[in-house]
Amino acid sequence: MRQGGKGARGHEGMSTMTKTGRDGRSSFAFRAFVALAFLVGFYLLAVVVAGGLLWIAYAVGTELDLGAAKAKIIFACVAGAATILWSLRPRRDHFEPPGPRLTAADQPALFAAIAEVARATNQAIPAEVFAMGTVNAWVADRGGVMGIGGHRVMALGLPLMNVLNVAELKAVLAHEFGHYGAGDTRMGRLVHRTHLAMGQTLEAVSGRWTEALFRWYGHLMQRVSMAVSRRQEFAADEFAARATSAGALASGLTKVDSAGLMFDFYLGSEITPVLGAGYLPPVGAGFVTYLNRSELARNAEALLAHLSAQRDRTFDSHPPTGDRVA
């Protein structure tokens with residue numbers, strides 16, 4: 001981490017706060033209702049479709065005389081229903097770590113910052129913290145079965161921590177803790193479970209006529225859940241700005257946006273050739289140098305504006321950074 005300025009209010013004096021009040025409870029209740037509605041709706045759709053296929057098989061077998069085609073139709077309907085129902089079986093959420101696990105013993109300064117933000121936001125420190133190779137940070141509840149059990153995890157990008165100063169990093173951490181405080185990660189498990197079940201079912205019915213029904217439902221679910229996700233991001237931004245520094249958060253979000261775009265260019269043009277030659281370069285420190293010296297990085301803001309103007313954000317999980325900063 002690089003030590004930065006104090007921002008609008010300073011990172012040494014973070015205020016302690018919680019996500020409480022009628023608005024917080026009603027917002028959580030709304031998100032819980034949406035997540036549960038889509039989960040129940042998906043299973044209901046699957047059961048209805050499977051039941052319809054079994055009813056067709058029964059009707060064909062008892063009331064229609066279709067000759068040689070009769071057995072084929074019955075088999076296809078029963079097989080389709082069995083495939084759908086089998087895809088609905090509960091499966092354990094197998095969490096794949098995004099990178100190496102970090103510990104307080106190995107990274108005391110980082111975990112001191114995490115603990116400080118956790119105290120300021122009245123949240124528990126995640127059970128596990130991982131490093132990853134992207135300009136990003138996220139939190140989640142993982143493990144367990146059907147949303148029961150599990151634990152909190154956090155992932156922090158190594159290039160992210162090279163780009164942000166300490167005040168900005170604490171503001172970004174507060175944003176992530178805001179997701180914990182608002183219950184977003186608990187609802188995220190239901191959404192994750194629904195997406196997982198949907199994917200399993202779509203894979204099972206691929207090429208069958210029933211695939212269109214599930215794709216339609218998945219499209220609807222994606223539109224609504226991403227709209228809810230964007231609302232969650234605004235709420236977590238407000239939470240972090242109040243708990244730490246609005247100026248540091250705005251600066252950090254802007255850096256994350258531009259650096260995230262540049263990191264792919266950096267990997268392709270600078271890192272991949274060096275790795276191919278058999279060397280292991282300092283990726284994080286090199287990225288900071290690249291951002292300071294690259295002509296492309298200096299034009300990142302204009303490039304981002306151009307890409308944003310052409311982008312359909314219907315299925316984006318995050319609002320445009322300019323809207324979040326404003």
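**Helix, sheet and cores**

Author: The model is predicted. In it, helix α3 (residues 108-120) lies across β1, β2 and β4 (151-157), and α3 runs at about 125° to β4.

Reader: Why are β1 and β2 said to pair?

Author: Two strands pair if there are at least two bridges between them. β1 and β2 (residues 128-132) have two bridges, in the antiparallel sense, so they meet the cut-off. Leucine 102 has valine 129 in β2 as its bridge partner.

Reader: What makes β1 and β3 edge strands?

Author: The open sheet has four strands in the order β1-β2-β4-β3, with mixed pairing. β1 (101-102) and β3 (137-142) each pair on one side only.

Reader: Which residues have the most contacts inside the largest nonpolar core, and why is it called a core?

Author: They are Ile114, Met154, Leu156 and Phe287, in a core of 37 residues. The name applies because such a set holds buried residues of listed kinds, joined through side-chain atoms within 4.5 Å. Elements that each supply at least two residues include α3, β2, β3, β4 and α9 (283-293). The largest share, nine residues, comes from α8. Apart from this core lies another, of 23 residues, among them Phe38, Leu39, Leu45 and Ala57.

Reader: What does leucine 156 touch, not counting residues up to four places away in sequence?

Author: Among its contacts are Leu110, Ile114, Val129, Phe130, Met161 and Leu173. Each of these counts as a contact because heavy atoms lie within 4.5 Å.

Notes. Residues numbered from 1 in each chain as written. Predicted model: local features only at pLDDT ≥ 70, side-chain atom pairs only at ≥ 80, totals over all residues. Heavy atoms only, no water. Axes fitted to C-alpha atoms, helices over the stretch in contact; angles between N-to-C directions. Buried < 20%, exposed > 50% of the residue type's maximum accessible area, 1.4 Å probe, protein only.
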